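Dear colleague,

I am handing over the structure below, and my notes on what was found in it follow directly after. Please read them with the structure open beside you.

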Amino acid sequence: MACRLSASSSYTVVIIPLRTSLYSQEALRFYLWIKRMKDLEKEKDALWSGLEILEKGRLWYIQRLAENRALRCVESRNGSGIHHKRPAEAPSCLPTHIQRVNGSLGSIMSEPNVSSNPCLSDPLADSDLRWQNTVLTQKVSEKNRQISVLEMKKEFLMEELEDLQAC
C-alpha cells in the first residue's frame, strides 16, 4: 500500500507478513532492507531540499552578477573611480562569505559517493558538533575573561592589603 504525503516527498508503507519467527534470518534481512530503504528516502529528501536551495542560490548569484555589472558600468562612466555623490563605503565581507560557500559546495561535490559508505559521519551530526564547538568556545572565552577580571581584582586587593599592613 502506498500513500502520497506531499508533492515534494512520497513514502511507501509496506506490510509483509513473515512466514517465520521475528528472530529469524529472513526477518533480520527484511528489517535491514527496510532500514536501508528508509535511509535512502531520507537522503533523497535531503538532496531535493538541497536542489531547491541551490536553485534559489543560482538566482541570487545571477542577481548579484547583474548588480555588479551595473555598478561597474556606472563606475566606468565616472572614469575617475572616485565616488563624488556616495560616501565612502566600508569594504564588504560578502566576497569572503561567497568564497566559503563556493568552497563548501566544491568540497561536497568532489567527495567520493558518501551514500555508498554508511560509516561516514552524518552531515547533520557534523554541523551539530560544529555548533556545539562554537558555543563551547564562546563559553570558554567568557570564562577566561571572567578569570582575568578576577585576577586583576585579586591583584588590586593584594596591593591594598600590603598598603594597609605597611601603615
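The protein chain has three helices and two strands, where helices (H or I, at least four residues) and strands (E, at least two) are DSSP runs numbered from the N terminus, and along the sequence they follow the pattern β-β-α-α-α. This is a predicted model, in which local features need pLDDT of at least 70 and side-chain atom pairs count only at pLDDT 80 or more, while totals for chains, interfaces and linings use all residues. Residues are numbered from 1 along each chain as its sequence is written, and side-chain values use heavy atoms, with hydrogens and water left out.

Of the 167 residues in the protein chain, 2% are buried, that is, under 20% relative accessible area, as against exposed at over 50% and partly exposed in between (1.4 Å probe, protein chains only). Among contacts (heavy atoms within 4.5 Å) between residues at least 6 apart in sequence, 41% join residues at least 24 apart.

As for cysteines, a search of the whole structure finds zero disulfides, a disulfide being a pair of cysteine sulfur atoms within 2.5 Å. Cys73 is partly exposed, with a relative accessible area of 39%, whereas Cys167 is exposed, with 86%.

Finally, Trp48 has its place in helix α1 and is partly exposed, with a relative accessible area of 46%.

Best regards
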